Amino acid sequence: MAFKHVVIGGGSGFIGKRLAKTLIADGYEVTTISRMPAIKRMTWHDLEKDGLPEGTSAVVNLAGQNVLDPTRRWTPGFKQNVWNSRINTTAACAKAIEKATIKPRVFVSISGVSHYETGPQTNTEESKTVEVDFMSRLCHEWEKAANLSENSICRTVKVRCGVVIGREGGMIQSLILPFWLGLGGPIGNGSHDLPWIHVDDLCNLIKFAIEKQEASGILNAVAPDLITNKDFTKAFASALFRPAIFPLPEFVLDLIFSPERSVLLTKGSKVAPKRAQQLGFQYRYPDIRSACKDVARFFQ
């Protein structure tokens with residue numbers, strides 16, 4: 001195997017833990033970067049001071065403060081934390097790669113799909129992006145922080161991720177209680193697009209990006225099943241054998257999260273994984289019904 005040692009920024013989070021398990025099960029050595037030291041873990045201060053561990057062949061950055069933490073008010077301080085936790089960590093990984101005597105072969109940096117335009121058009125990796133609000137500006141700067149020098153021999157892959165479906169975190173963790181109690185429902189009229197991906201497919205796509213020499217530049221980490229919020233609501237409620245008849249008004253989410261971050265739940269773009277499919281990536285959960293059934297079986 002060409003890639004033996006992967007360093008994961010944000011490896012102690014929801015996606016990072018699953019990615020580490022995926023890689024280790026396939027024979028990789030994994031070191032995570034986190035705020036607290038531990039076995040097979042380094043801190044961001046260690047990365048700045050000592051650089052990447054010897055023999056690092058791939059770097060993946062997944063670090064970022066949870067934007068939709070309902071316990072945190074959308075204050076200027078929290079907004080800055082959301083911003084810094086993504087951009088500064090990505091820039092730190094890029095700087096460590098540039099400083100390394102023996103460069104990793106690939107740098108995979110995650111961002112979001114918030115900078116695609118909403119509307120009836122289907123966005124692919126070639127579609128234009130916009131900077132119209134906090135989330136779209138964040139995505140632009142996030143990706144810019146991952147840029148390496150032009151003469152760098154390290155291949156760069158920028159993964160634009162949709163809503164991640166998995167039982168240990170993300171949207172499912174926030175929704176499971178009301179849906180389990182039969183109190184779930186669409187957001188507003190549920191007509192807005194919901195680009196999504198199962199956490200297993202996201203981790204496998206990142207592994208694919210590490211191993212596939214032809215993978216570089218932008219990859220949309222979304223499932224090929226283009227759905228709306230109403231489609232998700234129906235599939236998740238059905239998988240739990242629960243009704244879903246109580247719509248959640250958008251203004252309630254605006255009150256809970258503030259309009260600037262509630263757009264992650266109330267607005268969406270139609271996004272297709274054109275390049276992943278062209279490169280031959282195979283989805284384990286290509287449709288929302290199979291993804292919801294997999295998640296729901298752990299709550300039954």
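Tutor: In this predicted model, strands S7 and S10 pair in the parallel sense over five bridges. Within that pairing, Lys 158 stands opposite Ile 218 in S10. Four of the five residues of S10 are buried, so the rest of the structure largely encloses this strand. S7 (155-161) and S10 (217-221) are among the elements against which the buried residues of helix H4 pack, and H4 is the part to look at here.

H4 covers residues 134-145, which makes 12 residues. From its first C-alpha to its last it reaches 16 Å, close to the 16 Å expected at 1.5 Å a residue. The helix is mostly covered, with nine of its 12 residues buried. Those buried residues are Phe 134, Met 135, Ser 136, Leu 138, Cys 139, His 140, Trp 142, Glu 143 and Ala 145. Besides S7 and S10, they pack against helix H3 (76-99), strand S5 (106-112) and helix H9 (259-266).

Take the neighbour H3 next. H3 and H4 pack at an angle of about 15°, and their axes are 8 Å apart. An angle under 35 degrees counts as roughly parallel, and therefore H3 is roughly parallel to H4. Their crossing is right-handed. On the H3 side the contact is made by Lys 79, Val 82, Trp 83, Arg 86, Ile 87, Thr 90, Ala 91 and Ala 94. On the H4 side it is made by Phe 134, Arg 137, Leu 138, Glu 141, Trp 142 and Ala 145.

One residue of this contact can be followed further. Thr 90 lies in helix H3 and is buried, with a relative accessible area of 0%. Thr 90 and Ala 145 are 55 residues apart in sequence, yet their C-alpha atoms are 5.8 Å apart in space. Leaving aside neighbours within four places in sequence, Thr 90 is in contact with Asn 61, Phe 107, Ser 109, Trp 142, Ala 145 and Ala 146.

The bridge partner of Ala 58 in S5 is Val 106.

S4 also shows how side chains are arranged in a strand. In a regular strand the side chains alternate between the two faces of the sheet. In S4, Ala 58 and Val 60 point one way, while Val 59 and Asn 61 point the other way, and all are buried. Asn 61 is also one of the contacts of Thr 90.

H1 passes H6 in a right-handed crossing. Their contact includes Phe 14, Ile 15 and Arg 18 of H1, and Val 199, Asp 200 and Leu 202 of H6.

Finally, consider the loops on either side of helix H8. Ser 258 is in the loop between H8 and H9, and H9 is among the elements packed against by the buried residues of H4. The phi of Ser 258 is near 85°, a positive value in a residue other than glycine. Ser 258 is buried, with a relative accessible area of 17%. Phe 241 is in the loop between helix H7 (229-239) and helix H8 (250-257). Phe 241 also has a positive phi, of about 55°, although it is not a glycine. At 68% relative accessibility, Phe 241 counts as exposed.

Technical notes. Residues are numbered from 1 along each chain as its sequence is written. This is a predicted model: local features need pLDDT of at least 70, side-chain atom pairs count only at pLDDT 80 or more; totals for chains, interfaces and linings use all residues. Side-chain values use heavy atoms; hydrogens and water are left out. Helices (H or I, at least four residues) and strands (E, at least two) are DSSP runs, numbered from the N terminus. The expected span of a helix is 1.5 Å times one less than its number of residues. Buried means under 20% relative accessible area, exposed over 50%, partly exposed in between (1.4 Å probe, protein chains only). Contact means heavy atoms within 4.5 Å. Two strands pair if DSSP finds at least two bridges between them. Axes are lines fitted to C-alpha atoms, for helices over the stretch in contact, and angles run from 0 to 180 degrees between N-to-C directions. Angles under 35 degrees count as roughly parallel, over 145 as roughly antiparallel, 65 to 115 as roughly perpendicular and the rest as oblique. A crossing is left-handed if the near helix is turned anticlockwise from the far one by less than a right angle, and right-handed if clockwise.
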